[in-house]
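Me: I've got a two-chain complex open here and would like to go through it with you. Can we take it one question at a time?

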Amino acid sequence: MKHPSVEKLALYDGGELSWLDHLILRRHVTGCAQCQAEVEMFRGAAVAVREETEEIPAGVQWDRLAAEMRANIRVGIAASDAISAYGKPNDAGPVQGMPWRMAVLTFGLVLMVTVGYWLNAVKKSEQIAAMRPPDPVVAEASERGVGMSDGSKELVLQSPKTNVRAAIVTVSTVGSAGARYVDEDTGQITVNNVYVE
Amino acid sequence: MSTWSKLPVVFAASVACLAQEAGVDLRGGLKFNLPKDSPLAVASLDLGPSKATVRGGAVMLDLHASLRLRNLSGKRVKGVTLLLLAQDVSAGGKGSVAAPSLDVAPGDDFPVRIDLRMVRPMSTGAEPLVQILLDGVLFDDLSFFGENRLNSRRQLTVWELEARRDRKHFQQLLEARGQESLQKEILSAMSRQNDRPRVDVQVVRRGAMPRAANAPATNYEMDHDVKFSFLRMPGSPVELMAGAARIAGDEAKAPQLEIRNRDQKAIRHLEIGLALKDTSGQEFFAATVPYDEPLAGKGTAALRDSATLRVRHTGGSRLVLEGMSGFVNNVEFADGAYWIPSRTDIAEGQLMKLVPPSPEEQRLVQLYRKKGLQALVEELKK
């Protein structure tokens with residue numbers, strides 16, 4: 001015959017078991033002399049404690065004090081569990097914090113990757129710029145004048161002030177642009193050209 | 001100190017004043033180099049509102065020079081080309097100002113205007129911003145003086161031959177049919193000049209043309225090959241046999257031509273005029289394609305060019321090209337002789353519209369416009 005544990009018999013005597021456990025244990029204790037003896041021993045101890053509680057100063061309610069002590073013990077156990085689980089891998093959820101060394105190491109890695117990527121990007125853009133051919137020099141002939149430009153430098157021969165509009169504009173495929181002007185007063189012809197080499 | 005030897009000093013002083021006004025150190029910024037034996041001398045120079053300014057690391061020169069040159073030679077001057085050299089400007093930075101169709105007697109002066117704008121990086125070097133050199137002078141006997149770095153001799157000679165052709169044409173008309181016929185012809189020439197389509201043209205020798213500001217943002221226009229149509233001149237010593245170019249939107253690329261020398265004489269240089277046609281049917285002279293390789297008598301040659309042209313209406317509106325035609329503009333033979341189209345060659349309607357008028361015809365038309373028929377008649381009787 002299997003007997004209940006001493007702890008369960010103590011809880012049975014104190015009336016702190018659930019109603020189902022209390023019913024099962026009462027059936028066993030009623031038919032088991034050994035367990036009855038154990039319960040009697042616990043009951044004697046409880047009487048002794050009660051006699052001791054009479055010495056507690058007036059105004060102190062034992063039951064309330066006991067309830068508070070149990071609550072404190074539960075809070076302490078929960079806090080202990082939380083501290084012991086701190087930093088350990090937890091399958092149930094994410095890690096709740098990060099040690100400072102890990103933070104410093106992570107920051108260092110992120111910084112190194114960022115700087116490396118930036119340096120590589122700068123180098124690549126320089127390589128692409130070096131590979132790209134220079135902007136072609138464009139020679140243009142228009143009524144306002146002839147000119148050439150590569151985007152940053154330019155040379156323009158403008159139309160004379162008295163003749164805003166060129167009579168003839170043309171370009172040559174060897175890279176020159178020309179504009180021909182007629183002076184309104186004298187009829188003298190001026191031909192401006194620019195040459196791209 | 002003679003008058004002419006004082007001129008460089010006067011010029012330098014003018015430049016110094018220019019530099020002070022602009023707050024830019026232009027010590028030696030402009031340099032006028034005439035050779036010691038030059039048939040021309042600077043009679044006067046007015047820099048007018050010229051100025052130089054510094055913007056960031058760049059110098060911007062805005063030059064408006066009214067120059068008077070004096071003919072020191074014993075011959076009549078028929079044309080002049082001045083070479084403008086700008087250091088540190090893109091791809092050589094050369095320009096020229098030419099005055100064709102002149103008739104300057106010995107000892108007389110004539111004006112030349114130079115209106116130049118230049119942007120270049122600030123330089124610590126001592127070289128001048130712009131050098132003005134005499135590239136060439138053509139005289140009435142077709143003799144030439146000058147360094148000829150721009151092939152000015154050829155161009156000035158072609159202009160002078162065209163001038164003689166057109167003066168002769170108008171003189172013959174006047175003598176044979178009188179002033180009324182001359183007036184009719186000059187009005188016809190004026191009409192052709194006024195009716196020429198107004199276009200702006202760009203060229204790059206190699207590589208892709210930078211994207212135009214008004215290019216369509218989404219429509220990519222595919223290249224397609226277009227064959228040339230040739231405008232034949234009966235008297236031309238060169239025959240255009242075949243030709244093609246790639247056309248995409250407002251661009252014509254890489255013209256290729258097959259040419260044949262019909263003459264026994266070898267050719268040193270020839271120039272082909274290109275006329276472009278847009279989708280509205282309008283045709284306009286836009287470019288020239290030179291050929292500078294020796295071409296033997298009766299020989300043939302292939303001309304391959306890598307240039308790209310872009311044309312747009314003056315004012316910026318975009319046009320779309322659909323065809324090209326070519327004609328022989330001038331030829332220089334190896335013996336130094338020249339061929340230019342005769343008035344008969346260009347009398348055909350389409351050619352008359354496309355071939356640009358000679359500077360002399362433009363000058364005579366302006367004389368008629370400004371001073372009337374009688375002044376034109378007197379000019380032709382000189």
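Me: Which residue of β10(B) does A:Glu140 stand opposite?
Reply: Before I answer, some ground rules: this is a predicted model, where local features need pLDDT of at least 70, side-chain atom pairs count only at pLDDT 80 or more, and totals for chains, interfaces and linings use all residues. Residues are numbered from 1 along each chain as its sequence is written, while chains are lettered from A and ligands numbered from 1 in the order in which they are written. Strand β1 (residues 138-142) of chain A runs antiparallel to β10(B), joined by three bridges; strands are DSSP runs of E with at least two residues, helices are runs of H or I with at least four, both numbered from the N terminus, and two strands pair if DSSP finds at least two bridges between them. In that pairing, the residue opposite A:Glu140 is B:Gln202.

Me: Which element gives the most residues to the side of chain B that touches chain A?
Reply: In total, 50 residues of chain B are in contact with 46 residues of chain A, contact being C-beta atoms, placed from the backbone, within 7 Å. The elements giving two or more residues to that side of chain B are β6 (94-99), β7 (109-121), β10 (199-204), β15 (283-291) and α5 (359-371). With seven residues, the one that gives the most is β7(B).

Me: How many residues on that side of chain B are nonpolar?
Reply: Ala, Val, Leu, Ile, Met, Phe, Trp, Tyr, Cys and Pro go down as nonpolar, Asp, Glu, Lys and Arg as charged, and the others, Gly among them, as polar. On the side of chain B that touches chain A, 13 residues are polar and twelve are charged. The nonpolar count there is 25.

Me: What ipTM does the predictor give the complex?
Reply: Start with chain B: its mean pLDDT (the predictor's confidence in each residue, from 0 to 100) is 87, and 87% of its residues reach 70 or more. Over residues 1-27 of chain B the pLDDT is below 50, though this stretch has 32 contacts in the model beyond near neighbours in sequence. For the complex, the predictor gives a pTM of 0.74 and an ipTM of 0.90.

Me: Which elements give two or more residues to the side of domain 1 of chain B that touches domain 2?
Reply: An automatic or database domain assignment supplies the bounds: domain 1 is 3-150, and domain 2 is 152-213 + 222-382. Between them, 13 residues of domain 1 are in contact with ten residues of domain 2. The domain 1 side has five nonpolar, six polar and two charged residues. The elements asked for are β5 (77-86) and β8 (130-139) of chain B.

Me: Why does B:Leu34 count as partly exposed?
Reply: B:Leu34 lies in the loop between β1 (30-33) and β2 (40-46) of chain B. Leaving aside neighbours within four places in sequence, B:Leu34 is in contact with B:Leu40, B:Ala41 and B:Leu134. Buried takes 20 or more other C-beta atoms (placed from the backbone) within 10 Å of a residue's own, exposed 12 or fewer, and partly exposed is in between. B:Leu34 is partly exposed because its C-beta neighbours inside 10 Å number 18.

Me: Which residues touch the most other members of the largest nonpolar core?
Reply: A nonpolar core is a set of buried Ala, Val, Leu, Ile, Met, Phe, Trp, Tyr and Cys residues joined through C-beta atoms within 7 Å. A second, separate core of eight residues includes B:Leu182, B:Leu364, B:Val365 and B:Tyr368. In the largest, with 106 residues, the ones asked for are B:Val80, B:Val130, B:Val201 and B:Ala286.

Me: What percentage of the residues in chain A are buried?
Reply: Chain A has five helices and six strands, and its elements run α-α-α-α-α-β-β-β-β-β-β from the N terminus on. In chain B, buried residues make up 40% of 382. For the 197 residues of chain A, the figure is 25%.

How values were computed. Contact = placed C-beta atoms within 7 Å.
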